[in-house]
Amino acid sequence: MKYLWTEDTSAGLHFWKLVNQLFFDNVLVIESKESNQGILDGLSALEIKEGDKYYIAFDYVVDNQNIRNKYRLLKSIAEKSEGKVIILNMICFEHLILAFDKLVLWTRTGKADKIKIREEVLSAIENHRINLSKIVAYLIIRIILGVVSQRLKMEERRC
């Protein structure tokens with residue numbers, strides 16, 4: 001079987017289920033492990049059967065040392081899995097949504113300020129990091145720092 005494990009719950013989990021339904025004809029078993037630590041715990045206890053593959057949607061925000069440590073453990077598990085554990089190359093669920101090239105068209109948002117914020121944030125992402133020096137508008141920096149702060153608090157509560 002093919003599995004997609006995510007730390008996402010709620011909207012993120014719903015997103016992965018929609019991706020599975022719309023793009024993969026429901027061939028994946030989508031499971032939320034509720035946190036990055038939950039993914040690591042699940043993989044540590046896992047006995048992979050012949051033919052199984054595990055796709056891991058792991059939020060990798062390198063500015064968080066705790067996440068970097070967990071990512072190293074995940075990478076070690078994946079390297080020993082003989083290709084049965086595959087880490088998706090992504091920053092986080094929110095980045096996937098922002099980077100979706102049809103987001104503006106599909107949501108029919110015509111709000112120029114929101115479109116500019118999205119474009120500015122996406123242009124500042126380099127190697128899984130947001131280069132704040134590339135962001136001109138102070139308001140956008142405040143929004144990013146607020147979102148990052150909320151994500152860190154959520155991760156701390158999950159651990």
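This is a predicted model: local features need pLDDT of at least 70, side-chain atom pairs count only at pLDDT 80 or more; totals for chains, interfaces and linings use all residues.
**Entry 1: L74**

With that cut-off I looked up L74, and, once its neighbours within four places in sequence are left aside, I find L74 in contact with L40, L43, I56, F58 and I87. I place L74 in helix 3, and I note it as buried, because its relative accessibility is 0% and buried means under 20%. I also checked L74 against I39: the two are 35 residues apart in sequence, while their C-alpha atoms are 8.5 Å apart in space.

**Entry 2: helix 2 against helix 3**

How do the axes of helix 2 and helix 3 cross? The axes of helix 2, residues 36-44, and helix 3, residues 65-80, come within 10 Å and cross at roughly 25°. Angles under 35 degrees count as roughly parallel, and I therefore record helix 2 and helix 3 as roughly parallel to each other. The crossing of the two helices is left-handed. On the helix 2 side I list N36, Q37, L40, L43 and S44 as making the contact, and on the helix 3 side I67, K70, L73, L74 and I77.

**Entry 3: the cores**

Which residues have the most contacts inside the largest nonpolar core? I find L43, I56, F58 and L74 in that position, in a core of 15 residues. At least two residues of this core are supplied by each of strand 1 (2-6), helix 2, strand 3 (53-57), helix 3 and strand 4 (85-87). Helix 3 gives the largest share, which is four residues. I then followed L43 separately, and, again leaving aside its neighbours within four places in sequence, L43 is in contact with W5, I56, L74, I77 and V85. There is also a second, separate core of seven residues, and I noted L4, W16, L28 and I30 among them.

**Entry 4: the whole chain**

Finally I stepped back to the protein chain, in which I count seven helices and six strands, and which reads along the sequence as β-α-β-α-β-α-β-α-α-α-β-β-α. Of its 159 residues, 35% are buried. Among the contacts with a separation of 6 or more, I note that 64% are between residues 24 or more positions apart.

Notes:
Residues are numbered from 1 along each chain as its sequence is written. Side-chain values use heavy atoms; hydrogens and water are left out. Axes are lines fitted to C-alpha atoms, for helices over the stretch in contact, and angles run from 0 to 180 degrees between N-to-C directions. Angles under 35 degrees count as roughly parallel, over 145 as roughly antiparallel, 65 to 115 as roughly perpendicular and the rest as oblique. A crossing is left-handed if the near helix is turned anticlockwise from the far one by less than a right angle, and right-handed if clockwise. Contact means heavy atoms within 4.5 Å. A nonpolar core is a set of buried Ala, Val, Leu, Ile, Met, Phe, Trp, Tyr and Cys residues joined through side-chain atoms within 4.5 Å. Buried means under 20% relative accessible area, exposed over 50%, partly exposed in between (1.4 Å probe, protein chains only).
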